[in-house]
Amino acid sequence: MLKKTILLIAVLLTSVSAQQNTDKTPEQLGLEHLTDYLNLKPSDISFRPDYTEPDSFRLQVVSDLMTQPLGMIDYIDKLKNSYVKKQPELMAGYLFQDLNKAGNTGRTQAYYADISEIQQMYNLYYLNSSLNQLLTKAAMYIDVIFPKSIDKSLALLSKQEKEFLINEFKELLVSRVEDEFLSVEAMDSLEKVEEGYIEEFVKFGHKIDKDPILDAGINCLKELSVEIYNLRQQLRSKSVTAEKIISDVPFMPDNISFESYLGKQTGWRIGGTGNDYYSGDYKFILDFGGDDIYDLEYDPDNPHGVIIIDLSGNDSYRSQSDFTLGSGCLSVGILLDYAGNDRYDAKSFSIGSGFFGMGILYDAEGSDRYNGDTHVQGAGSFGLGLLIDEDGRDIYDAALYSQGFGFIEGYGAIFDIKGADSYYAGGKYKDILRYDDHYLSLSQGFGYGLRPYASGGIGAIVDIEGNDSYYSDIFAQAASYWWSLGVIYDSSGNDYYNCFQYGQGCGTHMTLGALIDDYGNDVYFGKGLMHGVGHDYSCGLILDRHGNDTYTAYDLSQGAGSANGTGVLIDNEGDDRYSVHSTKNTQGYGNPRRDFGSIGLFIDLGGKDQYQGLGKDNYYWKTNSKWGGGMDIELNPPDSTEEKK
Amino acid sequence: MKKVNIFILSFLLFSVSLSAQSALQKQVDSLFVIASSGELKYRDLVDPAIEKIAELGTPAVPLLVNKLDTKSARERLTIINILKKIGSDAVPYLITSLQNPNGLIVQRVCWALGDIKDSSAVQPLIAIINHPRWHVRDQAIGALGDIGDKIADDAVISGFADDIGQVRKAAAVSAGKLKILESLSLLIHQLGDDFYGARMSAFESILKFDTSFVIEKLTDSITSDNRFVSALSCELLGRFATDRAIDLLYDHIDSPNLYLREKASLALTAADPKDLCGFRNVILQNVTDRLSLLKIESLINSYDDQEKPDR
């Protein structure tokens, strides 16, 4: 009896253990296996929060992930799963959760407005109830909730401190092409001035509570989505036409002021189905169709909410100033375009830019083109900048701090759901520190903080379908700098990633970067600090789950840890090709700093692979470094009986 | 009248001294801008500027220490580099700076003292190894190892008990540099440290000790319950590769503990890369696990590759 019981327990334990093993993902198994081979363990990849004095801008998510950087894989899986089609408000709400500051126990809500606060202000002009509902909601947010919420966010700041935000603080993100010609003294002086700005800012920046204005933006998006849906349903059902909605108005006396009529006040316009032209600093535009042109301006000295809704047509949106096109500067900017092949030509701080506020650009259909300079195309600083494009072959072009860029207390993200897209970032502002022929990008899933003054934010690109191309130069593509997180998740398609340095799963200086590509035969190309590299207490990770992939780099890449950082490359399946120029610091390499080593892990779990470098197909290796190595194994070997058949 | 003259003279001397100091400060500041410049196009100017500041010698030291709380990593490295170049002349002022209330400055001064390697800094460094800031403890113990004076043995050993992994790492590194025999058991114990930096540094330090002495100490640790102690002990024996080490490893290549069997087999393969003892077949027969076998075959192949002239 006793024997039977012991046997039963043994069987149960074995089955539990087997279950636990099968529950693990290939990458988890690979990590456990290689670290064990190197006398390490996955939890060795962990960083203390106190290498330097923690600042008050650190995000909880970043702080948590620094203690267990491999959690980035789970974080990214949850991020892409959080996307729900045609509901941008859900995505915004999800990202807002990740903007919680470390140690913060509660989030402050938006200003709560009573409906009477708006009903007292306006008379109804249009007769259509759906339209009136939409206008009422929009007015409530633009006139009451946004201004009072930003007041709440900045309540503890003096007038001078508020002005600092749109002047000196903005300067920290603005570059000039001419800087490359400055003398060493002038350059030093410029650096000192910027340092002065930073030191000034950190004295009061902690008093900013971005939550109320972001909460207001998300609530607005939720409420507008319902009203827009109702209006579009009416139009789709053909129970009413756009022309009828616009023209169906009561008789108005000649001498009446339109200022008190909803939809007719200054800064508001409602356009019909024809080709319309909008020019100026608007608060609200609803356009029912046509190929429209928008020449838009914004004055940050007089911040206000902006809501633009365009229901159809091939539209052209053009910035006449910074802070336009789905840009929230000290407020909320929402641009919703439901159809057409559109073109967005912006200056800076535009196209899904949240700068002490929330900016969202949602484009539901069409092949679109996005152009901008700095802090554009999903960029957040003390705020949320979100660009969602659900369909079409899209082109994204920017210079700096763009395309999923998160600065201090910011989240910047692009969600592109369908289409073969191309992303380009760089080519304008030279990286004078390192090169005379390369340009800074700091974009494409890039988190950035001000070392060592202020932790950074989260930058992400999530691209679901299509053969996509990512081009950049220095610092880009799932990378970050100083207590930040940079992420790219690309679900399917044969993708091409090209970045010169610091990219494709790279963290430099106490920070995190992770690139995950699920399906497709992908190409990863770069010079150095690529393909899973962590420098200075940082972790960079690249994980490619399927497909026959090609990785090319020059040095310090492909699972390389530097200065006590950790670099991880994992490729789960496929016949891959790995090429490096230098075998001294690649493919599972770690170098010493502070009298101890770093960690470099190179893991290939299947396929017939080719190597130019230290690795080999079906092979384990330890590099002559502190400390690193690699393995190329068949995690799930082919069934030999099947092979014989 | 005489008193007045003395007063005037003193005042003039004081003014001259102040003015000289101010001139020195200006000189250091202006050179330092260039010395710490990171821009590519000014890189040729950096080394000469560093040399010029270093040539100023002792008078420049307080000015450099004052800058040690810089937020810039490049500036910090530049200062340490200059202090190192000034060398022993900088040490007296650096020692007094160990009492600086700013812990950040103290940890960086420790670093500089370790680089300069002047034994007069040993006692002052020992005096701060219980500093409340772990960064200072880390740097102070590290500096003691760099200086290499055996007076510091006990102070270094005390670091093994620190709560902070980085400090234990510093103790392991310095114990290796100072070859502190009394620390050997602690180093072997630290092979199982939770912090990889401490664990792997202990491994590297043990390699520096007298081989025969270490091997006897490792006899029991091969079968330690802590898998890292067991695995790294095997690896150490493989590196030592003496007859005794090989015997010890051979005893475990058919261990019922498959983990130990694999680690001992790998270490034995490493100990005898040319298979002079003829153990390889036995090892390969004993290993049943597919991936364990691949690890051993990979190791063998790596040695074979080294033999090839084109590799």
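Chain B has an average pLDDT of 92, and 92% of its residues score at least 70; pLDDT is the predictor's confidence in each residue, from 0 to 100. For the complex the predictor gives an ipTM of 0.89 and a pTM of 0.93. This is a predicted model, in which local features need pLDDT of at least 70 and side-chain atom pairs count only at pLDDT 80 or more, while totals for chains, interfaces and linings use all residues. Residues are numbered from 1 along each chain as its sequence is written, chains are lettered from A and ligands numbered from 1 in the order in which they are written, and side-chain values use heavy atoms, with hydrogens and water left out.

**Interface of chains A and B**

The contact (heavy atoms within 4.5 Å) involves 49 residues of chain A and 44 residues of chain B. Between them the two chains bury about 4,000 Å², 51% of it on carbon and sulfur atoms; buried area is the accessible area (1.4 Å probe) that two parts lose on being put together, summed over both. The interface has 18 residue pairs in polar contact, both residues at pLDDT 80 or more. A polar contact is a pair of N or O atoms within 3.5 Å; within protein, one must be able to donate a hydrogen and the other to accept it, and residues adjacent in sequence count only if both atoms are side-chain atoms.

On the side of chain B that touches chain A, the elements giving two or more residues include α4 (73-86), α8 (134-147) and α18 (290-307) of chain B. α18(B) gives the most, with eight residues. Helices (H or I, at least four residues) and strands (E, at least two) are DSSP runs, numbered from the N terminus. The residues of this side comprise 17 nonpolar, nine polar and 18 charged. Ala, Val, Leu, Ile, Met, Phe, Trp, Tyr, Cys and Pro count as nonpolar, Asp, Glu, Lys and Arg as charged, and the others, Gly among them, as polar.

**Salt bridges**

A salt bridge is a side-chain nitrogen of Lys or Arg within 4 Å of a carboxyl oxygen of Asp or Glu.

| Salt bridge | N to O distance |
|---|---|
| Lys41(A) and Asp194(B) | 3.1 Å |
| Asp77(A) and Arg545(A) | 3.2 Å |

Asp77(A), in helix α4 (residues 72-81) of chain A, and Arg545(A), in the loop between β31 (539-544) and β32 (550-553) of chain A, are 468 residues apart.

**Aromatic pairs**

Over all chains there are 64 aromatic pairs. Rings of Phe, Tyr and Trp (its six-membered ring) pair if their centres lie within 6.5 Å; planes under 30 degrees apart count as stacked, over 60 as edge-to-face and the rest as tilted. Phe356(A) and Phe382(A) are stacked, because their ring centres are 5.0 Å apart and their planes at 15 degrees.
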